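Here's a quick briefing for anyone opening this structure for the first time. Take a look at the sequence and the model, then read on for the ring pairs, the ligand site and a few residues worth a click.

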Amino acid sequence: MAAINLGATGGAPGATASARRRGQFHSLEVAEVRPLTAESVEVTFAVPDELQDAFGYVAGQHLALRTTIDGHEMRRSYSICRPPSPGAISVAIKRDLGGRFSSWANAELRPGDRIDVMSPQGTFTSALERVDGVHVVGVAAGSGITPMMALAHEVLSRSATSTFSLLFSNRSTLDVMFIEELADLKDRYPARLALHHVLSREQRAAPLMSGRIDQDRLERILAELIRPESVDEWFLCGPFELVQLCRDVLAEQGVDPAHVRYELFTTGRPVDAGGDRGRPVQVAAGEDVWTLDFTLDGQSSQVESPVAARESILNAALRVRADVPFACAGGVCGTCRAKVVSGSVSMTENYALEPDELERGYVLTCQSHPKTEKVVVDYDV
Ligand SMILES: Cc1cc2nc3c(=O)[nH]c(=O)nc-3n(C[C@H](O)[C@H](O)[C@H](O)COP(=O)(O)OP(=O)(O)OC[C@H]3O[C@@H](n4cnc5c(N)ncnc54)[C@H](O)[C@@H]3O)c2cc1C
Ligand code: FES
(Lines give C-alpha, C1' and ligand atoms only; values in the text may rest on other atoms or scores of the structure.)
(Ligands and ions follow the chains in the order given, each with its own letter.)
Protein backbone atom coordinates (compact mmCIF):
# COMPACT_ATOMS: atom_id res chain seq x y z
CA MET A 1 0.00 0.00 0.00
CA ALA A 2 1.34 3.45 -0.86
CA ALA A 3 2.24 5.88 1.89
CA ILE A 4 1.40 9.51 2.56
CA ASN A 5 3.06 12.15 4.58
CA LEU A 6 1.09 15.33 4.80
CA GLY A 7 3.98 16.55 6.85
CA ALA A 8 4.41 19.27 9.38
CA THR A 9 3.28 22.23 7.34
CA GLY A 10 3.87 25.46 9.15
CA GLY A 11 2.16 28.79 8.70
CA ALA A 12 5.50 30.32 7.81
CA PRO A 13 8.83 29.06 6.54
CA GLY A 14 10.54 27.31 9.41
CA ALA A 15 7.39 27.06 11.47
CA THR A 16 7.06 23.71 13.17
CA ALA A 17 3.65 22.17 13.41
CA SER A 18 3.17 19.28 15.71
CA ALA A 19 0.04 17.20 15.62
CA ARG A 20 0.45 17.21 19.39
CA ARG A 21 1.40 20.71 20.43
CA ARG A 22 -0.16 21.63 23.77
CA GLY A 23 -3.06 24.00 23.33
CA GLN A 24 -2.62 27.61 24.37
CA PHE A 25 -5.01 30.49 23.71
CA HIS A 26 -3.92 33.66 21.91
CA SER A 27 -6.04 36.66 21.07
CA LEU A 28 -6.40 36.93 17.26
CA GLU A 29 -8.10 39.54 15.13
CA VAL A 30 -10.83 38.48 12.72
CA ALA A 31 -9.61 39.49 9.27
CA GLU A 32 -12.60 38.34 7.24
CA VAL A 33 -16.04 36.78 7.67
CA ARG A 34 -17.26 35.30 4.41
CA PRO A 35 -20.70 33.73 3.98
CA LEU A 36 -20.47 30.21 2.54
CA THR A 37 -24.19 29.32 2.62
CA ALA A 38 -27.17 30.94 4.32
CA GLU A 39 -26.23 28.97 7.44
CA SER A 40 -22.43 29.05 7.49
CA VAL A 41 -19.49 31.41 7.38
CA GLU A 42 -15.78 31.11 6.85
CA VAL A 43 -13.89 33.07 9.49
CA THR A 44 -10.28 34.05 8.77
CA PHE A 45 -8.00 35.20 11.56
CA ALA A 46 -4.90 37.31 11.06
CA VAL A 47 -1.83 35.59 12.53
CA PRO A 48 0.88 38.09 13.46
CA ASP A 49 4.53 37.24 12.76
CA GLU A 50 5.32 36.42 16.37
CA LEU A 51 2.56 33.76 16.44
CA GLN A 52 3.39 32.04 13.12
CA ASP A 53 5.05 29.14 14.93
CA ALA A 54 2.24 28.78 17.45
CA PHE A 55 -0.30 28.58 14.60
CA GLY A 56 1.64 26.27 12.27
CA TYR A 57 -0.58 23.28 11.51
CA VAL A 58 -1.09 20.05 9.67
CA ALA A 59 -4.06 19.64 7.31
CA GLY A 60 -6.95 18.10 9.24
CA GLN A 61 -6.31 19.88 12.54
CA HIS A 62 -8.75 22.16 14.35
CA LEU A 63 -8.80 25.33 16.45
CA ALA A 64 -10.67 25.89 19.71
CA LEU A 65 -12.31 29.31 19.90
CA ARG A 66 -13.19 30.87 23.23
CA THR A 67 -15.57 33.70 23.99
CA THR A 68 -18.10 34.81 26.57
CA ILE A 69 -21.75 34.78 25.55
CA ASP A 70 -24.43 36.04 27.96
CA GLY A 71 -21.90 35.85 30.78
CA HIS A 72 -20.91 32.22 30.05
CA GLU A 73 -17.45 31.27 28.82
CA MET A 74 -17.80 29.04 25.77
CA ARG A 75 -15.21 26.98 23.95
CA ARG A 76 -15.90 25.27 20.65
CA SER A 77 -13.61 23.55 18.17
CA TYR A 78 -13.64 24.28 14.41
CA SER A 79 -11.61 22.53 11.75
CA ILE A 80 -9.12 24.50 9.70
CA CYS A 81 -10.43 24.72 6.14
CA ARG A 82 -7.48 26.00 4.12
CA PRO A 83 -3.98 24.84 3.36
CA PRO A 84 -1.35 26.61 5.46
CA SER A 85 -0.55 30.14 4.35
CA PRO A 86 1.53 32.67 6.26
CA GLY A 87 -0.39 35.32 8.16
CA ALA A 88 -3.84 33.75 8.10
CA ILE A 89 -5.79 30.79 9.42
CA SER A 90 -9.41 30.00 8.53
CA VAL A 91 -12.25 27.92 9.93
CA ALA A 92 -15.81 27.39 8.78
CA ILE A 93 -18.70 27.58 11.23
CA LYS A 94 -22.10 26.16 10.39
CA ARG A 95 -25.04 27.46 12.40
CA ASP A 96 -26.44 24.65 14.52
CA LEU A 97 -30.19 25.17 15.05
CA GLY A 98 -30.41 26.46 18.63
CA GLY A 99 -26.62 26.26 18.98
CA ARG A 100 -25.22 29.04 21.13
CA PHE A 101 -21.70 29.55 19.79
CA SER A 102 -22.36 28.83 16.11
CA SER A 103 -25.43 31.12 16.05
CA TRP A 104 -23.43 33.87 17.74
CA ALA A 105 -20.49 33.47 15.33
CA ASN A 106 -22.76 33.54 12.26
CA ALA A 107 -24.71 36.56 13.48
CA GLU A 108 -22.17 38.63 15.36
CA LEU A 109 -18.55 38.03 14.31
CA ARG A 110 -17.16 40.91 12.25
CA PRO A 111 -13.76 41.83 10.82
CA GLY A 112 -11.76 43.69 13.46
CA ASP A 113 -13.24 41.68 16.37
CA ARG A 114 -10.74 39.88 18.58
CA ILE A 115 -11.32 36.42 19.96
CA ASP A 116 -9.25 33.83 21.85
CA VAL A 117 -8.01 31.10 19.54
CA MET A 118 -6.12 28.02 20.72
CA SER A 119 -3.09 26.80 18.82
CA PRO A 120 -4.06 24.00 16.37
CA GLN A 121 -4.83 20.56 17.79
CA GLY A 122 -5.91 17.18 16.56
CA THR A 123 -4.78 14.00 14.89
CA PHE A 124 -7.23 13.80 11.99
CA THR A 125 -4.14 13.89 9.85
CA SER A 126 -2.39 11.30 7.80
CA ALA A 127 0.27 9.06 9.26
CA LEU A 128 1.40 7.66 5.91
CA GLU A 129 4.81 8.55 4.57
CA ARG A 130 4.52 9.34 0.87
CA VAL A 131 1.83 10.90 -1.20
CA ASP A 132 2.97 9.70 -4.64
CA GLY A 133 0.45 7.49 -6.33
CA VAL A 134 -1.90 7.29 -3.36
CA HIS A 135 -5.66 7.44 -3.50
CA VAL A 136 -7.25 9.18 -0.52
CA VAL A 137 -11.00 9.22 0.06
CA GLY A 138 -12.89 11.75 2.15
CA VAL A 139 -16.45 11.02 3.25
CA ALA A 140 -18.13 14.11 4.67
CA ALA A 141 -21.58 15.38 5.54
CA GLY A 142 -22.52 19.03 6.11
CA SER A 143 -19.84 20.95 8.01
CA GLY A 144 -17.73 17.75 7.98
CA ILE A 145 -16.37 19.10 4.69
CA THR A 146 -14.23 21.64 6.58
CA PRO A 147 -11.15 19.51 7.34
CA MET A 148 -11.52 17.80 3.92
CA MET A 149 -10.88 21.12 2.19
CA ALA A 150 -7.42 21.31 3.75
CA LEU A 151 -6.75 17.57 3.34
CA ALA A 152 -7.78 17.42 -0.32
CA HIS A 153 -5.65 20.42 -1.14
CA GLU A 154 -2.64 18.91 0.61
CA VAL A 155 -2.95 15.49 -0.99
CA LEU A 156 -3.40 16.92 -4.48
CA SER A 157 -0.78 19.66 -4.30
CA ARG A 158 2.01 17.51 -2.89
CA SER A 159 2.35 15.11 -5.78
CA ALA A 160 1.47 14.98 -9.45
CA THR A 161 0.28 11.37 -9.07
CA SER A 162 -1.96 11.45 -5.98
CA THR A 163 -5.76 11.24 -6.28
CA PHE A 164 -8.54 12.34 -3.96
CA SER A 165 -12.18 11.22 -4.06
CA LEU A 166 -14.75 13.11 -2.05
CA LEU A 167 -18.12 11.67 -1.15
CA PHE A 168 -20.05 14.65 0.20
CA SER A 169 -23.57 14.45 1.57
CA ASN A 170 -25.91 17.40 2.09
CA ARG A 171 -29.61 18.07 2.12
CA SER A 172 -29.66 20.26 -1.00
CA THR A 173 -27.34 22.25 -3.27
CA LEU A 174 -28.01 25.39 -1.22
CA ASP A 175 -26.54 23.66 1.86
CA VAL A 176 -23.25 22.69 0.20
CA MET A 177 -20.44 24.54 1.95
CA PHE A 178 -17.41 25.42 -0.22
CA ILE A 179 -19.32 24.62 -3.40
CA GLU A 180 -17.28 27.13 -5.44
CA GLU A 181 -13.96 26.17 -3.89
CA LEU A 182 -14.65 22.52 -4.67
CA ALA A 183 -15.44 23.43 -8.28
CA ASP A 184 -12.20 25.44 -8.45
CA LEU A 185 -10.24 22.52 -7.02
CA LYS A 186 -11.84 20.26 -9.62
CA ASP A 187 -10.83 22.70 -12.39
CA ARG A 188 -7.29 22.65 -11.07
CA TYR A 189 -7.07 18.86 -10.75
CA PRO A 190 -9.65 17.56 -13.25
CA ALA A 191 -8.16 14.08 -13.57
CA ARG A 192 -7.10 13.59 -9.95
CA LEU A 193 -10.06 14.91 -7.94
CA ALA A 194 -13.35 13.01 -8.06
CA LEU A 195 -16.35 14.79 -6.52
CA HIS A 196 -19.42 12.76 -5.63
CA HIS A 197 -22.23 14.91 -4.23
CA VAL A 198 -25.11 13.09 -2.56
CA LEU A 199 -28.21 15.19 -1.85
CA SER A 200 -30.81 13.81 0.52
CA ARG A 201 -33.65 16.22 -0.33
CA GLU A 202 -32.96 17.08 -3.93
CA GLN A 203 -33.29 14.94 -7.03
CA ARG A 204 -30.04 14.38 -8.88
CA ALA A 205 -29.68 12.90 -12.36
CA ALA A 206 -28.24 9.68 -10.92
CA PRO A 207 -30.68 8.02 -8.47
CA LEU A 208 -27.70 6.64 -6.54
CA MET A 209 -26.75 10.20 -5.57
CA SER A 210 -30.22 11.20 -4.31
CA GLY A 211 -31.27 10.31 -0.79
CA ARG A 212 -29.68 9.62 2.56
CA ILE A 213 -26.48 7.61 2.74
CA ASP A 214 -27.71 4.40 4.35
CA GLN A 215 -26.02 1.01 4.27
CA ASP A 216 -27.51 0.01 0.94
CA ARG A 217 -26.55 3.26 -0.80
CA LEU A 218 -23.07 3.22 0.67
CA GLU A 219 -22.48 -0.37 -0.45
CA ARG A 220 -23.61 0.53 -3.97
CA ILE A 221 -21.35 3.61 -4.00
CA LEU A 222 -18.44 1.42 -2.94
CA ALA A 223 -19.29 -1.10 -5.64
CA GLU A 224 -19.84 1.43 -8.44
CA LEU A 225 -17.86 4.61 -7.69
CA ILE A 226 -15.15 4.18 -5.07
CA ARG A 227 -13.75 0.67 -4.95
CA PRO A 228 -12.20 0.10 -1.51
CA GLU A 229 -9.33 -1.94 -2.94
CA SER A 230 -8.20 1.19 -4.85
CA VAL A 231 -8.00 3.31 -1.71
CA ASP A 232 -4.93 3.92 0.45
CA GLU A 233 -6.45 6.04 3.21
CA TRP A 234 -9.95 7.04 4.33
CA PHE A 235 -11.00 10.18 6.18
CA LEU A 236 -14.54 10.28 7.61
CA CYS A 237 -16.13 13.38 9.09
CA GLY A 238 -19.79 13.92 9.79
CA PRO A 239 -22.55 12.93 12.18
CA PHE A 240 -21.91 10.01 14.51
CA GLU A 241 -24.31 7.70 12.63
CA LEU A 242 -22.70 8.29 9.23
CA VAL A 243 -19.17 7.85 10.56
CA GLN A 244 -20.18 4.66 12.37
CA LEU A 245 -21.97 3.31 9.27
CA CYS A 246 -18.89 3.95 7.10
CA ARG A 247 -16.56 2.32 9.61
CA ASP A 248 -18.79 -0.74 9.86
CA VAL A 249 -19.26 -1.14 6.11
CA LEU A 250 -15.55 -0.60 5.38
CA ALA A 251 -14.62 -3.16 8.05
CA GLU A 252 -17.07 -5.64 6.52
CA GLN A 253 -15.39 -5.09 3.18
CA GLY A 254 -12.01 -5.94 4.65
CA VAL A 255 -10.55 -2.42 4.89
CA ASP A 256 -7.82 -2.24 7.52
CA PRO A 257 -9.08 0.10 10.31
CA ALA A 258 -5.55 1.52 10.57
CA HIS A 259 -6.25 3.28 7.26
CA VAL A 260 -9.63 4.67 8.32
CA ARG A 261 -9.40 7.96 10.20
CA TYR A 262 -12.42 9.74 11.53
CA GLU A 263 -13.35 12.94 13.29
CA LEU A 264 -16.57 13.51 15.19
CA PHE A 265 -17.93 16.99 15.79
CA THR A 266 -20.36 15.77 18.44
CA THR A 267 -20.98 12.49 20.18
CA GLY A 268 -24.43 12.07 18.68
CA ARG A 269 -26.20 12.66 21.96
CA PRO A 270 -28.82 15.44 21.76
CA VAL A 271 -26.79 17.76 23.98
CA ASP A 272 -23.19 17.14 24.87
CA ALA A 273 -22.88 16.97 28.61
CA GLY A 274 -19.67 18.98 28.62
CA GLY A 275 -18.35 16.76 31.41
CA ASP A 276 -18.03 18.06 34.94
CA ARG A 277 -15.62 20.84 33.99
CA GLY A 278 -16.26 23.86 36.17
CA ARG A 279 -18.17 21.94 38.85
CA PRO A 280 -17.23 23.50 42.20
CA VAL A 281 -15.63 20.93 44.51
CA GLN A 282 -14.28 21.56 48.00
CA VAL A 283 -12.21 19.30 50.21
CA ALA A 284 -13.54 18.99 53.77
CA ALA A 285 -11.19 18.20 56.68
CA GLY A 286 -10.75 14.46 57.27
CA GLU A 287 -12.45 13.50 54.02
CA ASP A 288 -11.07 10.62 51.89
CA VAL A 289 -9.16 12.13 49.00
CA TRP A 290 -7.14 11.14 46.00
CA THR A 291 -4.16 13.21 44.92
CA LEU A 292 -3.30 14.44 41.46
CA ASP A 293 0.22 15.49 40.49
CA PHE A 294 0.49 17.00 37.03
CA THR A 295 3.05 18.68 34.85
CA LEU A 296 2.04 21.45 32.47
CA ASP A 297 4.50 23.68 30.62
CA GLY A 298 7.31 22.20 32.71
CA GLN A 299 5.67 23.22 35.99
CA SER A 300 4.45 20.65 38.50
CA SER A 301 1.25 21.17 40.47
CA GLN A 302 -0.66 19.11 42.99
CA VAL A 303 -4.30 19.03 43.96
CA GLU A 304 -6.45 16.89 46.22
CA SER A 305 -9.93 15.72 45.36
CA PRO A 306 -12.58 14.16 47.60
CA VAL A 307 -13.24 10.57 46.56
CA ALA A 308 -16.96 11.16 47.08
CA ALA A 309 -16.99 14.03 44.55
CA ARG A 310 -16.10 11.64 41.67
CA GLU A 311 -14.73 14.55 39.66
CA SER A 312 -12.61 14.25 36.54
CA ILE A 313 -8.88 14.83 36.50
CA LEU A 314 -9.48 17.94 34.36
CA ASN A 315 -11.90 19.42 36.87
CA ALA A 316 -9.46 18.86 39.73
CA ALA A 317 -6.49 20.23 37.76
CA LEU A 318 -8.38 23.40 36.76
CA ARG A 319 -8.81 24.22 40.45
CA VAL A 320 -5.11 25.00 40.72
CA ARG A 321 -4.17 25.92 37.12
CA ALA A 322 -6.59 27.90 34.96
CA ASP A 323 -4.50 27.21 31.84
CA VAL A 324 -5.04 23.44 31.76
CA PRO A 325 -6.04 22.82 28.12
CA PHE A 326 -9.54 21.71 27.19
CA ALA A 327 -12.25 22.60 24.70
CA CYS A 328 -15.27 20.28 24.42
CA ALA A 329 -14.98 18.64 27.87
CA GLY A 330 -16.99 15.82 26.27
CA GLY A 331 -14.35 13.36 25.07
CA VAL A 332 -14.51 14.48 21.43
CA CYS A 333 -11.76 16.97 20.61
CA GLY A 334 -8.69 15.51 22.34
CA THR A 335 -7.43 18.89 23.59
CA CYS A 336 -7.22 17.73 27.23
CA ARG A 337 -4.96 14.76 26.45
CA ALA A 338 -2.24 13.86 28.97
CA LYS A 339 -0.08 10.83 29.69
CA VAL A 340 -0.58 8.85 32.89
CA VAL A 341 2.87 8.55 34.41
CA SER A 342 1.84 6.61 37.52
CA GLY A 343 -1.36 5.37 39.10
CA SER A 344 -4.34 4.40 36.98
CA VAL A 345 -7.58 5.96 35.77
CA SER A 346 -10.80 4.88 34.10
CA MET A 347 -12.15 6.80 31.11
CA THR A 348 -15.87 7.34 30.62
CA GLU A 349 -15.90 8.30 26.92
CA ASN A 350 -13.24 8.44 24.24
CA TYR A 351 -14.01 9.67 20.75
CA ALA A 352 -10.61 11.25 20.22
CA LEU A 353 -7.67 9.00 21.10
CA GLU A 354 -6.35 6.32 18.77
CA PRO A 355 -5.70 2.77 20.08
CA ASP A 356 -1.93 3.27 19.94
CA GLU A 357 -2.21 6.40 22.11
CA LEU A 358 -4.22 4.47 24.68
CA GLU A 359 -1.59 1.75 24.69
CA ARG A 360 1.09 4.36 25.36
CA GLY A 361 -0.80 5.59 28.42
CA TYR A 362 -2.55 8.69 27.06
CA VAL A 363 -5.96 9.61 28.43
CA LEU A 364 -8.55 12.34 27.98
CA THR A 365 -8.41 14.08 31.31
CA CYS A 366 -11.94 15.48 30.94
CA GLN A 367 -13.21 11.88 30.93
CA SER A 368 -10.75 10.29 33.38
CA HIS A 369 -11.37 9.36 36.99
CA PRO A 370 -8.70 7.99 39.30
CA LYS A 371 -8.66 4.35 40.30
CA THR A 372 -5.69 4.76 42.61
CA GLU A 373 -5.06 7.02 45.60
CA LYS A 374 -2.43 8.96 43.68
CA VAL A 375 -2.34 9.73 39.98
CA VAL A 376 0.49 11.48 38.15
CA VAL A 377 -0.12 12.85 34.65
CA ASP A 378 1.99 14.82 32.22
CA TYR A 379 0.36 17.28 29.78
CA ASP A 380 3.69 18.10 28.13
CA VAL A 381 4.65 14.77 26.51
C1 LIG B 1 -12.74 18.43 16.67
C2 LIG B 1 -14.00 19.21 16.29
C3 LIG B 1 -14.03 19.92 15.10
C4 LIG B 1 -15.19 20.62 14.73
N5 LIG B 1 -15.18 21.30 13.54
C6 LIG B 1 -16.30 21.98 13.16
C7 LIG B 1 -16.32 22.71 11.93
O8 LIG B 1 -15.33 22.73 11.18
N9 LIG B 1 -17.44 23.39 11.60
C10 LIG B 1 -18.55 23.38 12.40
O11 LIG B 1 -19.55 24.05 12.07
N12 LIG B 1 -18.57 22.70 13.59
C13 LIG B 1 -17.46 22.02 13.99
N14 LIG B 1 -17.45 21.35 15.19
C15 LIG B 1 -18.64 21.43 16.07
C16 LIG B 1 -18.55 22.70 16.94
O17 LIG B 1 -17.46 22.59 17.84
C18 LIG B 1 -19.81 22.92 17.81
O19 LIG B 1 -20.09 21.75 18.50
C20 LIG B 1 -21.01 23.34 16.98
O21 LIG B 1 -20.73 24.54 16.28
C22 LIG B 1 -22.24 23.56 17.90
O23 LIG B 1 -21.91 24.49 18.88
P24 LIG B 1 -23.00 25.51 19.45
O25 LIG B 1 -22.44 26.21 20.61
O26 LIG B 1 -23.54 26.33 18.34
O27 LIG B 1 -24.15 24.52 19.90
P28 LIG B 1 -24.51 24.15 21.41
O29 LIG B 1 -25.12 25.31 22.09
O30 LIG B 1 -23.36 23.49 22.04
O31 LIG B 1 -25.65 23.10 21.13
C32 LIG B 1 -25.37 21.88 20.40
C33 LIG B 1 -26.70 21.31 19.94
O34 LIG B 1 -27.49 20.99 21.07
C35 LIG B 1 -28.75 21.63 20.97
N36 LIG B 1 -29.09 22.12 22.30
C37 LIG B 1 -28.43 23.03 23.03
N38 LIG B 1 -29.03 23.21 24.22
C39 LIG B 1 -30.10 22.38 24.23
C40 LIG B 1 -31.12 22.07 25.15
N41 LIG B 1 -31.17 22.68 26.35
N42 LIG B 1 -32.05 21.16 24.83
C43 LIG B 1 -32.01 20.52 23.63
N44 LIG B 1 -31.08 20.78 22.72
C45 LIG B 1 -30.14 21.68 23.00
C46 LIG B 1 -28.59 22.78 20.02
O47 LIG B 1 -29.82 23.03 19.37
C48 LIG B 1 -27.52 22.28 19.10
O49 LIG B 1 -28.11 21.57 18.03
C50 LIG B 1 -16.31 20.63 15.58
C51 LIG B 1 -16.27 19.93 16.79
C52 LIG B 1 -15.14 19.23 17.15
C53 LIG B 1 -15.10 18.49 18.46
S1 FES C 1 -11.64 18.61 26.26
FE2 FES C 1 -12.30 17.69 24.39
S3 FES C 1 -11.79 15.60 24.76
FE4 FES C 1 -11.40 16.50 26.67
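Let's start with the aromatic rings: the count comes to 5 aromatic pairs, where rings of Phe, Tyr and Trp (its six-membered ring) pair if their centres lie within 6.5 Å, with planes under 30 degrees apart called stacked, over 60 edge-to-face and the rest tilted. Keep in mind that this is a predicted model, in which local features need pLDDT of at least 70 and side-chain atom pairs count only at pLDDT 80 or more, while totals for chains, interfaces and linings use all residues. Residues are numbered from 1 along each chain as its sequence is written, chains are lettered from A and ligands numbered from 1 in the order in which they are written, and side-chain values use heavy atoms, with hydrogens and water left out.

**Aromatic pairs**

- A pair of aromatic rings is described by the distance of the centres and the angle of the planes.
- Phe124 and Phe235 make an edge-to-face pair, at 5.2 Å centre to centre and 85° between the planes.
- Phe124 sits in the loop between β6 (114-118) and β7 (135-141) and Phe235 in strand β10 (residues 233-238), so this pair ties together parts that are 111 residues apart in sequence; the helices (H or I, at least four residues) and strands (E, at least two) used here are DSSP runs, numbered from the N terminus.
- Both Phe124 and Phe235 are buried, and buried means under 20% relative accessible area, exposed over 50% and partly exposed in between (1.4 Å probe, protein chains only).
- Phe240 and Tyr351 also pair edge-to-face, with 6.2 Å centre to centre and 85° between the planes.
- Here, Phe240 belongs to helix α5 (residues 240-252) and Tyr351 to the loop between β15 (345-347) and α7 (355-359), so the pair ties together parts that are 111 residues apart in sequence.
- Phe240 counts as partly exposed because its relative accessibility is 27%, whereas Tyr351, at 18%, counts as buried.
- Ring pairs also link Tyr78, Phe101 and Trp104 into a cluster.

**The ligand site**

- Which residues are closest to ligand 1? Of the 24 residues that surround ligand 1, the closest are Arg76, Ser77, Tyr78, Leu97 and Ser102; a residue is near a molecule if one of its heavy atoms lies within 4 Å of it.
- Domain 1 (17-118) and domain 2 (135-264) both give residues to the shell, so ligand 1 lies between them; the domain bounds come from an automatic or database domain assignment.
- β4 (72-79), β5 (88-94), α1 (100-108) and β11 (260-264) each supply at least two residues of the shell, and β4 gives the most, with 4 residues.
- By class, the shell has 11 nonpolar, 8 polar and 5 charged residues, where Ala, Val, Leu, Ile, Met, Phe, Trp, Tyr, Cys and Pro count as nonpolar, Asp, Glu, Lys and Arg as charged, and the others, Gly among them, as polar.
- A polar side-chain atom of Arg76 is 2.7 Å from an oxygen atom of ligand 1.
- For Arg100, a side-chain N or O atom is 2.8 Å from a ligand oxygen atom, and for Asp96 the distance is 3.4 Å.
- On its own, ligand 1 exposes 960 Å², and the protein buries 76% of that; accessible areas come from the Shrake-Rupley method with a 1.4 Å probe, and for residues only the protein chains shown count as cover.

- Gln61 is in the loop between β2 (40-46) and β3 (62-69), and it counts as buried because its relative accessibility is 0%.
- A polar atom of the Gln61 side chain lies 2.9 Å from the backbone oxygen of Gly122.
- Ser40, in strand β2, is buried at 1% relative accessibility.
- The side chains of Ser40 and Thr37 are joined by a polar contact of 2.7 Å, that is, a pair of N or O atoms within 3.5 Å; within protein, one must be able to donate a hydrogen and the other to accept it, and residues adjacent in sequence count only if both atoms are side-chain atoms.
- Ser157 lies in helix α2 (residues 145-158), and its side chain reaches the backbone oxygen of His153 at 2.8 Å.

**Positive phi angles**

- Most residues other than glycine have a negative phi.
- Arg310 is not a glycine, yet has a positive phi of about 50°; Arg310 is in the loop between β13 (299-306) and α6 (313-320) and counts as exposed at 67% relative accessibility.
- Ala329 has a positive phi too, near 55°; Ala329 is in the loop between α6 and β14 (337-342) and is buried, with a relative accessible area of 1%.
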